[in-house]
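Hi everyone, thanks for coming.

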Amino acid sequence: MPDFGVDTAAFTGQLARMYGFLAVRQDWVSRDELAALFWPDSPAPVSRGNVRNLIHKLLQLPRCEGVESLGRSIRCTASTDLAHFHEMVRCRDWHHVVHQPALELLAGLEAGASEPFRAWLAFERSRLLQAWRDAVLMASETDALEPAERLALVDAALLREPANEDFEHAAFKALAALGRSSEIPVRFAAFAQRAFQASGVPPSSKLREFVAGLNGSHADAAQVDAADGPAIVGRRLELMDLNGLLDDGQARLVTLLGPGGVGKTTLARHLFNGELAAGRVRAVWVDLLPAAAVPDALTMIAQALGLRIPGGAEPLAVLCTALRETPLRLYLDNVEQIGGLGDVLQTLLEGCTRLRIVATSRHALEVDAEWRFQVDGLPIPDAQESDAGVLTACDSVRLYLHCCAAGHVRNGPGTGVRVAASVARFAQGHPLTIALMASCAADLTEQQVEALDRERSFAALGGGADAAQAALNASFARSWTLLSDAERGALPRLTCFPTSFDAAAAWGAAGVPLMLLRALVDKSLVQPEPHARFSLHSSVRSFAAQHLDDPADGRRRHAAYYGRIFATLDHIDLVLLARANDGLDREWTNALAAWDWAFANRDAALAGQLLYGLFELAEGQGRGDVMQSLGNAVHQIIESWCSLPANCSDQVQRIRMIMQARTGPAEMRRVAMAALEVATKARSITGTLEALGFAALGAMLEGDRVAAGRYVALALRRTQRHRRVPDQIYFLTLQVTRSDWQQISGSAWSVCRMARRLLDEIQPRPFLELMLLAAEAEVLARLGDMDAARHTLVERLRLAKQWKTQGALGSMLLLAASVELETGMLPDAEAHLGQAEDWLAKGWSEGVAQRLELLHAQLAILRADMAPATARLIALVDDASMSQGPNAAWLVFLGALWHRERGQLSRALAFAGAAARAPSEPALVRQAERMARTVEIQFRTLALPSSAQPDDEDRLALIAQLRQDLDDSALPAPFGGAAQTPVASG
């Protein structure tokens, strides 16, 4: 029986695995997906037959709770302790969360299982374990518990993970809050031993600093960003900060930390030269690279100071005696390879009160007196910057040009400013890499630089860069020799990440635990980033990648990890929640790299996992280029890939419909019907509902509300049959927007209320919430409650910005502008139209662009700015695509506005009446009817005197004829040309 997950004691083998898989998923799963998961290497007929037999057995077992089959899909809604665990986390039941008896999901089921099942199970187990760890840390920080309770919970968690540094840190904080700080050093020593035995690395510097700080013996480390190069180019701020730190008097041991080649020695040498030039205090430089141990280092320091060590004397005692009252600045270069030197230097400082030490090292000395100064790369230019003056002001570009000049390479294709900017970005400001690239400048071509931008590797430069790569390797070789075996194994595996990553990704994709990650951070080989993320410098990545045994396997594991993450984002709501809560935007580059691998290797299952979530993420970020690239890939998959699995087929058809929707409603409807045919043949419920939804939208945009209602009704029946509540809300909302004007007050509003009740019963679904707010605003606008409609739209816009939904934001800007124009709020309408133009620039359908032009024309007419209004109307009338659909009705309405402003009231009345008969636009009907009444009153006032004279009978006849024409005629020409209604001036 598994320790965690679901009770499968009555089952064995594949039957237990399938029941456990379905119970964890708690959703409909297609038989094709089960076949690919459990029998990936079997022929399709054999695997499908095996799935069919297992499902039959499951349904026959008496203990098989919650299993139901429908068509070619199956699901299990059985109660599981996994769901109970998540419920306890949600309810903040920390005691039961921390004391879970076991956390190994579906224990024992991996034995004899297929590789896809083992990969899925490992991923789910890691997610569960991480969720438990996060819950423990949340419990340790909550104010709802007393410090003693928090300590008890953390101690219980440490019984399960005794080497977890985060738990131990939380325990130390709880002890400090209880006033028991004296116990912390003892606990720290025990934890350090456990951590080293478990992972081969000591506790991180952060934990050591916390412990030292409690004893009052160590001030907070200076967290200062700095940089340097082979020549001092820039670095003014860093030099100012270091001089201030040394002159302050508190920092007596300053360690310049950073990876090899970042310029620690150059920066320290510049400080040393400044001390010599100033002459205020004696300064001594000692290069400890030849020293192998502490005695060797002390002897070299004594020799540099001109001291003689008598035979048998201790070098440390001699130094302490000689320097006891002597003011001195001691510069020590390359101290990282000398173990135990930090303690000796601290002893020396304690005995010599006027001594100051500046050391350069690739990792911290780990003593109380140490102040750490991190040295990073030089600033690099923005990728979009092209101004030569701005580029040459950037320190990394200046360094490259300086190195070219120092090497007497002043002319040639490799010495231009644009090339220098590309090299600086490739090197990420790493001074040694920039200098080595400058040594190749005489042979560097712009084509090679473009390849460098694409491939981000020295290999792009061909054989000419071999010497540069070799020199860079030599720089990092010393750092490599100082690593433990575990660290040497971990660093190359991290090269699979093209950009920053978090601790969960390091473990899930590269198998690197957090303890090793922190050890590599302490040794300046991994860089900490904001939002608890990490990254590798490009130069470190280039060096470490050469020690990778199987690069292809690393990329495969990386792609598989992000595929598992994006596989859960199969609905736009889940994408929005992940962006808001889990920082999905920060995984953008990693997801693109995973997609590139899946597409290049024709891995259809992985492509299906990534495609939709990546597409929605690109849309949310306004990356039209990536969306177009994914659309092109979809066409290639449809044309050339064979036997797509169900998940990939559904996502491919979904992206195809979204992309085609941008070309117009007719094409959207055609592609949706083709996708419906594919989904029906594949018996895909998800694909069928997607296709029906797009077909309904296309029909609505074409003005065919009868067809739209038919598609919505079909979809509603399917969602109710399969109990898919989110889809039901979606189609109920579509039903609101296609409701007839005559029934709006009854049917549409009641449908809105029904959808709202359904939405309140499920977890947050931001996209559905946005859709429902839009429908409610439209209903309120149709009913004439414009204030309520506008308040609803304001809330809709706020949520759209919060959830970063570009498409929803744009459509709502247009709707808000339309409501504001109708209510006379012209400045607000103009502001929203301006925002909509920015949104339109990101690439949306022509129909939306036409609607924007119509609203701009309406704004100009209402402001009586007739010259631009006339120009816009003429341009719209000349557009052949405006002659059909709802836009034509709106254009006729604008013709009524235009004629009214020009005083041509009978013509305005004719146009208003024609617009009022538009069957597909209830909002237009209401505005047109109101205008018709207003114009008719104006017409009567101007045309008929207070006492009717016989000669007024002609005008009364004209009005009667006009009313008859309004009832019988088709839409008149907007303005100009022959009209089907009489024209009379007011």
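Let's start with helix 14, which passes helix 15 in a right-handed crossing. A crossing is right-handed if the near helix is turned clockwise from the far one by less than a right angle, and left-handed if anticlockwise. Helices here are DSSP runs of H or I with at least four residues, numbered from the N terminus. On the helix 14 side, the contact (heavy atoms within 4.5 Å) uses Leu316, Leu319 and Cys320, and on the helix 15 side Val344, Thr347 and Leu348. That contact has five nonpolar residues, one polar and no charged. In this scheme Ala, Val, Leu, Ile, Met, Phe, Trp, Tyr, Cys and Pro are nonpolar, Asp, Glu, Lys and Arg are charged, and the others, Gly among them, are polar.

Quick housekeeping: this is a predicted model, where local features need pLDDT of at least 70, side-chain atom pairs count only at pLDDT 80 or more, and totals for chains, interfaces and linings use all residues. Residues are numbered from 1 along each chain as its sequence is written, and side-chain values use heavy atoms, with hydrogens and water left out.

Now, two packed helices are described by the angle between their axes and the distance between the axes. The axes are lines fitted to C-alpha atoms over the stretch in contact, with angles from 0 to 180 degrees between N-to-C directions. For helix 14 (residues 315-322) and helix 15 (residues 341-351), the axes come within 9 Å and cross at roughly 30°. So those two are roughly parallel (under 35 degrees; over 145 is roughly antiparallel, 65 to 115 roughly perpendicular, and the rest oblique).

Next pair: the axes of helix 11 (residues 236-248) and helix 12 (residues 264-278) come within 11 Å and cross at roughly 60°. That makes helix 11 oblique to helix 12. Here Leu239, Leu242 and Asn243 of helix 11 meet Leu267, His270 and Leu271 of helix 12, giving four nonpolar, two polar and no charged residues.

And what about helix 6 (residues 115-141) and helix 8 (residues 165-177)? Their axes come within 10 Å and cross at roughly 10°, so helix 6 is roughly parallel to helix 8.
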